[in-house]
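Biologist: Can you take me through this model? I will ask as we go.

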Amino acid sequence: MSDQFEIILTCPKSLESLLKDEASELGLLEAKERIANIQGLADMETAYRLCIWSRLANRVLLVLKRFPVKNAQDLYDGIYHIDWRDHLEATGSLAIEFTGKGSGIDNTHFGALKAKDAIVDRLRNKRGERPSIDKLYPDLRIHVRLERGEATISIDLSGQSLHQRGYRLQQGAAPLKENLAAAILIRAGWPKIAAEGGALVDPMCGVGTLVIEGAMMAAGVAPNLYREHWGFTNWLGHIPSIWKRVYQEAQERSEEGLAKPPLWIRGYEADPRLIKPAHNNIARANLDRWINIYQGDLATFAPHPDKGQKGLVVCNPPYGERLGDEASLLYLYQHFGEALRAECQGWQAGIFTGAPELCKRMGIRSHKQYAFYNGTIPCKLVLMDIVPEKFVVQHSEQEETTTTDNRQAAMLSEGAQMFANRLEKNRKQLAKWAKQQEISCYRLYDADMPEYALAIDIYNDWVHVQEYAPPRTIDPEKAQIRLLDALSAIPQVLDIAPEKIVIKRREQQKGKRQYERQNSEGHFMEVAEGDVKLLVNLKDYLDTGLFLDHRPMRLRIQQESQGKRFLNLFCYTATASVHAVKGGARTTTSVDLSKTYLEWAKRNLLLNGYSERQRLIQADVIEWLKNDQEEYDLIFIDPPTFSNSKRFEGVFDIQRDHAKLINLAMNRLSNNGTLYFSNNFRKFILDESLQDEYQIEEISEQTIDMDFKRNNKIHRAWKITK
């Protein structure tokens with residue numbers, strides 16, 4: 001009987017049980033599961049077979065020795081006493097990979113250094129020759145694992161990680177590792193489907209990893225057949241004759257499999273930039289006959305295999321990692337579900353995602369879910385049978401007709417339908433009013449139902465959705481479900497394309513975070529507010545460049561500005577200044593600290609045909625007021641609650657500093673002039689000293705338009721005169 005070696009197969013977390021089954025089939029004896037690895041016994045032939053045939057392992061480690069370690073010297077001594085002359089020439093190269101800590105070794109670099117010193121000292125010959133370090137392609141790669149006071153010393157037979165098959169030199173933005181792709185296919189039942197002659201399709205294939213791994217399985221191609229360098233190539237314990245036999249066997253099986261009539265395997269990818277890399281990867285894997293890749297987005301996805309053939313739809317759709325992804329992803333999953341129900345009845349589906357709650361929006365009940373990790377991201381593989389009895393359709397009495405629109409409406413959950421009803425009620429009330437007022441942007445919904453804590457604004461034919469961050473007392477999972485309910489209702493009620501819905505999360509902001517750039521698309525849209533045109537940007541910032549709740553104030557300023565000198569402090573994008581000029585203001589002066597927003601203000605003025613005599617000043621408002629000597633007839637101040645400032649210990653605080661701000665501004669106001677002061681700090685209290693100094697009238701109710709009546713505490717406003 002051949003010598004038996006202890007073998008450790010490493011793998012990503014969550015693949016252990018699959019790897020154990022695979023390794024046992026390949027000949028590993030007494031296989032035991034550990035966290036992120038499998039341990040067992042094998043002779044050299046089996047070890048080589050594991051290297052070339054394992055679709056799931058990262059590395060194949062051959063254990064040389066285990067020994068207790070109490071300190072760094074124990075580690076050095078234990079490694080030194082291994083006869084390294086059986087494994088590496090004195091003039092060879094090595095690399096050390098050290099994991100774990102303890103026994104006084106809390107730094108992996110230090111542990112690797114002690115291991116390297118022990119090996120080098122043992123191999124240094126009489127002529128002073130010693131091994132060199134080569135981290136990329138060493139003659140011998142040593143793994144040292146320190147755990148619970150025990151060191152395990154192993155030789156890495158695989159070299160580079162086995163997930164690196166060699167065919168994927170080009171990859172997309174978020175690629176699946178090849179061994180994870182193989183695990184997904186195995187869990188989804190592809191080996192059985194392939195054995196029965198079934199089809200495989202990936203409607204979002206990227207550079208083709210899933211379909212390539214699937215084709216290799218179906219054709220019986222050894223996953224690491226094309227690898228040129230192995231960890232055992234220059235190892236002195238390597239037995240070339242055994243390796244040659246294993247390799248030739250794999251090559252013959254692969255050639256025989258590739259010569260068979262290919263199965264129906266297709267990939268579809270919307271991004272044209274990924275089509276050529278996908279074709280290149282397929283060619284390197286020698287699978288040109290087996291896989292076809294087409295450019296096409298989900299809307300055109302319609303697999304038509306020959307003669308009613310059934311199979312597996314598998315894909316790794318985006319999960320969403322950035323703020324605002326929820327909307328587009330919800331509609332992506334919804335459309336995916338519609339495509340599966342329409343085009344793939346009788347098939348099976350495996351959806352690998354980091355957002356399994358989105359799969360519930362596909363309208364197909366899953367029958368199994370497996371937990372995986374994609375790197376550090378917890379994911380689920382959601383398995384579905386695409387058969388009518390698994391379709392999730394909720395009917396109401398008015399939805400019994402069979403039109404496409406009604407079938408889509410029937411997909412709304414009970415919560416989504418309740419939200420849709422409220423949205424429709426608001427739309428009927430406000431759309432007519434907005435048209436009469438010649439307003440193309442208005443607030444449609446503002447947390448009317450507390451459990452659906454959203455603000456929804458209409459901007460022409462776009463919808464801007466802001467999700468208020470739920471309080472800590474609300475279960476985040478429930479909040480996410482309600483958000484998805486609302487998002488599923490919006491396009492149906494408003495008859496708007498999903499790609500024209502923008503979602504953001506609004507949390508309590510500090511400093512000027514609400515003004516910070518979040519994106520860089522630079523997409524500006526022209527909207528109408530009466531006879532004034534303004535530019536908004538729905539995607540790049542938390543706010544859009546237009547505070548909708550101040551519309552009545554802007555219109556009031558327009559009506560009162562004829563022949564007056566207008567001053568706009570904390571002007572933002574100077575929308576109030578545009579209204580003032582439209583109303584006949586003699587001059588306008590707009591002050592803000594942000595260069596970005598003053599550039600935006602300039603564009604707003606130019607859009608309406610104004611430029612000369614309209615001053616745009618970049619400055620700290622309070623410092624500027626201290627030095628300005630001009631007089632103004634109409635002043636508007638709408639400061640942020642907090643703002644960075646060189647005075648005031650680095651922060652402007654509206655409650656603390658508003659009296660000083662108003663006094664400075666009143667010094668610039670003409671005797672018969674008017675100052676309007678507004679802010680949106682809910683706990684704001686006007687300083688009593690101002691009441692003694694000036695005539696002050698609160699006009700908050702007069703500055704709340706119809707679309708903000710449901711949230712009339714959105715801001716408070718005062719009219720102040722001398």
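Biologist: Which residue takes a positive phi in the hairpin of β2 and β3?
Modeller: A36 does, with phi near 65°, and the hairpin has two residues between its strands. Strands here are DSSP runs of E with at least two residues, helices are runs of H or I with at least four, and both are numbered from the N terminus.

Biologist: What kind of model is this, and what is left out?
Modeller: It is a predicted model, where local features need pLDDT of at least 70, side-chain atom pairs count only at pLDDT 80 or more, and totals for chains, interfaces and linings use all residues. Residues are numbered from 1 along each chain as its sequence is written, and side-chain values use heavy atoms, with hydrogens and water left out.

Biologist: Is β3 mostly covered or mostly open?
Modeller: Mostly covered: β3 (residues 37-42) has five of its six residues buried. Buried means under 20% relative accessible area, exposed means over 50%, and partly exposed is in between, with a 1.4 Å probe and protein chains only.

Biologist: What does β1 pair with?
Modeller: Strand β1 is joined to β3 by six bridges and the two run antiparallel; I8 has Q39 in β3 as its bridge partner. Strand β1 (residues 5-10) also pairs with β4 (residues 59-68), again antiparallel, over four bridges. There T10 stands opposite R59.

Biologist: And how many bridges join β4 to β8?
Modeller: Seven, and the strands run antiparallel, with β8 at residues 150-156. L62 stands opposite I155 in β8.

Biologist: Change of topic. Where does D705 lie?
Modeller: D705 lies in the loop between β29 (695-698) and β30 (716-721). D705 is buried, because its relative accessible area is 19%.

Biologist: Which residues is D705 in contact with, apart from its sequence neighbours?
Modeller: Leaving aside neighbours within four places in sequence, D705 is in contact with W433, R551 and P552. Contact means heavy atoms within 4.5 Å. D705 and L548 are 9.3 Å apart in space, C-alpha to C-alpha, and 157 residues apart in sequence.

Biologist: What about E252, buried or exposed?
Modeller: E252 is exposed, since its relative accessible area is 52%. E252 is found in helix α8 (residues 240-258). E252 and I456 are 63 Å apart in space, C-alpha to C-alpha, and 204 residues apart in sequence.

Biologist: Now the whole chain. How many helices and strands?
Modeller: The protein chain has 20 helices and 30 strands. Buried residues make up 54% of its 722 residues.

Biologist: What share of contacts join residues at least 24 apart?
Modeller: The share is 72%, counted among contacts between residues at least 6 apart in sequence.

Biologist: Last one. What size of box do the C-alpha atoms fill?
Modeller: Roughly 105 × 70 × 45 Å, taken along the principal axes.

Key
Two strands pair if DSSP finds at least two bridges between them.
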